[in-house]
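Student: I have a model open and want to go through it piece by piece. Can we start with the sheet?

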Amino acid sequence: MKHKILFVIADGLGDRRVRKLSDKTPLQAATKDNIRELYRSSMIGLMDPISPGIVPGSDTSHLSIFGVDPKIYYRGRGAFEAIGAGAELKHGDVAFRGNFSTVNQDFVIVDRRAGRNIKEAELLVKELNEKIEPIDGINVKFFHGTEHRVAVILSGQGISDKVSDTDPEEAGQRVLASKPLDGSKEAEKTSKIVNELTKRVYDILSTSKYNIEREARGELPANAILLRGAATYQELPKFESITGLKTIAVAATALIKGVAKSLGMDVYTPPGATGGVDSDLLAKADAAVKFIKQDYDMVFLHVKGTDAASHDGNPENKVLVIEKIDKMIGRILDSIGSEMIIGITGDHCTPVELKEHSGDPVPFLLHVPESIITDEISDFNEITARKGSVRIRGLDVANILLNYSNRAKKYGA
Ligand SMILES: [Zn+2]
């Protein structure tokens with residue numbers, strides 16, 4: 001019998017001993033009454049998302065875990081974030097991440113985020129898309145992400161992502177002129193387009209009635225877009241063609257949604273799922289239950305809060321998010337039982353005392369129904385994982401899921 005698959009990635013889950021937690025890791029310190037139910041029929045161990053010692057980004061590690069080698073396919077995060085924010089990209093398009101910001105008439109930055117929560121952002125993006133003309137034959141499109149974030153897409157012939165940012169990443173500095181980063185005429189052309197774009201965006205935004213209204217209310221005008229992280233969109237192999245698994249991602253973070261969409265997965269963000277520590281994980285659980293009951297073979301459930309707490313250096317919040325994940329899994333088990341493959345892991349470690357990703361291996365749990373296998377786990381954490389049977393790389397995950405869900409095809413005679 002082919003099993004359905006629930007695959008949970010808690011971003012930045014893995015950690016090290018934390019002084020504030022009496023030398024326990026957050027996963028060790030957290031109460032996990034629901035995940036505990038899975039131990040008698042699970043194996044655990046460690047996964048190197050890319051390979052041992054490599055410090056993964058969230059994008060490269062998700063690619064690897066979903067069977068696509070980032071060393072071959074990765075072209076930067078810009079395109080993923082743009083897709084995650086709703087952009088439609090074609091092979092060869094160049095995507096930038098951008099910020100609505102406030103500049104004076106000399107293009108000196110007053111506020112890099114124009115006050116951050118710009119309630120007219122959607123309207124400003126619409127106005128830009130209506131008014132912007134092609135530059136040197138290249139079409140420009142804008143997409144709103146969250147808050148002050150926008151994606152800017154260039155499409156047409158003869159462009160390149162080998163251009164520098166316009167965002168100096170500091171208020172009080174002048175907006176930078178984009179420069180070609182290699183000797184190609186494509187980079188030369190693209191940097192000129194970007195610099196012309198900076199001016200045209202300012203012309204459109206500084207005369208927009210929404211900004212005039214903002215200034216009248218004493219708010220900062222969102223009159224410029226700072227660009228960074230140029231990336232060419234490269235078509236990726238699709239997860240379903242690699243594995244045969246029809247998959248939906250339940251996720252809120254633009255980067256992860258973009259990776260999942262690029263891999264051909266359906267993507268759903270439940271209301272209340274924020275990508276933060278406060279995210280409504282029970283809403284994610286309900287969505288996962290709904291999709292598992294439909295014709296999806298696999299539900300990939302992403303939780304960002306563990307990584308957010310780690311980057312904040314807040315071990316208590318990390319424990320809290322792990323306990324919320326436990327309740328989320330509990331809700332799923334209560335609704336549909338445990339007769340499915342359940343994977344629980346992280347995309348990398350983000351030790352709270354480091355506040356940054358690290359190259360440590362990540363704890364990995366795989367529940368296989370019917371008790372056909374067990375590591376006789378006492379707890380799921382970084383310490384016990386070192387005694388478990390699993391020791392894999394991210395690129396092995398898909399094969400393992402196929403094997404235990406009874407879908408693997410024989411290799412050879
Ligand atoms: Zn991550």
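Student: What is the strand order in the open sheet, and what is the pairing?

Tutor: This is a predicted model. In it, 8 strands make up an open sheet, ordered 9-8-10-1-11-12-2-13, with mixed pairing.

Student: Which are the edge strands?

Tutor: Strand 9 (266-268) and strand 13 (390-393), each of which pairs on one side only. On average, neighbouring strands of the sheet are turned by 20° against each other, direction ignored.

Student: How do strand 8 and strand 10 run, parallel or antiparallel?

Tutor: Parallel, with 4 bridges joining strand 8 (residues 247-250) to strand 10 (residues 298-303). For Val250, the bridge partner in strand 10 is Leu301.

Student: Which strands does helix 13 touch?

Tutor: Helix 13 (residues 315-336) packs on the sheet and touches strand 1 (5-10), strand 10 and strand 11. The direction of helix 13 makes about 155° with that of strand 10. Helix 14 (residues 397-404) lies across several strands, including strand 1, strand 2 (42-48) and strand 13, and runs at about 15° to strand 12.

Student: Switching to the metal. What coordinates the zinc ion?

Tutor: The zinc ion has Asp11 (OD), Ser58 (OG), Asp347 (OD) and His348 (NE2) as its ligands, at 1.9 to 2.1 Å. The site is tetrahedral, with angles of 102 to 121° among the 4 donor atoms.

Student: What spacing do the donors follow along the chain?

Tutor: D-x46-S-x288-D-H. Ser58 is in helix 3 (residues 58-65) and Asp347 is in the loop between strand 11 (341-345) and strand 12 (362-367), so this pair ties together parts 289 residues apart in sequence.

Student: Is Ser58 buried or exposed? And Asp347, buried or exposed?

Tutor: Ser58 counts as buried because its relative accessibility is 6%, and the cut-off for buried is under 20%. Asp347 is buried too, at 0%.

Student: Back to helix 3. At what angle does helix 3 cross helix 10?

Tutor: Roughly 35°, and the axes of helix 3 and helix 10 (residues 254-262) come within 10 Å. The crossing is right-handed. Ser58, Asp59, His62 and Leu63 of helix 3 make the contact with Leu255, Ile256 and Val259 of helix 10.

Student: Last one: what about strand 5 and strand 6, parallel or antiparallel?

Tutor: Antiparallel, with 6 bridges between strand 5 and strand 6 (residues 149-155). Asn139 stands opposite Ser155 in strand 6. The hairpin has 4 residues between the strands, and Glu147 takes a positive phi near 50° there.

Notes. Residues numbered from 1 in each chain as written. Predicted model: local features only at pLDDT ≥ 70, side-chain atom pairs only at ≥ 80, totals over all residues. Heavy atoms only, no water. Pairing = 2+ DSSP bridges. Helix = DSSP H or I, 4+ residues; strand = E, 2+ residues; numbered from the N terminus. Donors = N, O, S within 2.8 Å, 3.2 Å for Na, K, Ca; no water. Tetrahedral: all angles 85-135°; square planar, octahedral: opposite > 155°, others 65-115°. Buried < 20%, exposed > 50% of the residue type's maximum accessible area, 1.4 Å probe, protein only. Axes fitted to C-alpha atoms, helices over the stretch in contact; angles between N-to-C directions. Left-handed = near helix turned anticlockwise from the far one by under 90°. Contact = heavy atoms within 4.5 Å.
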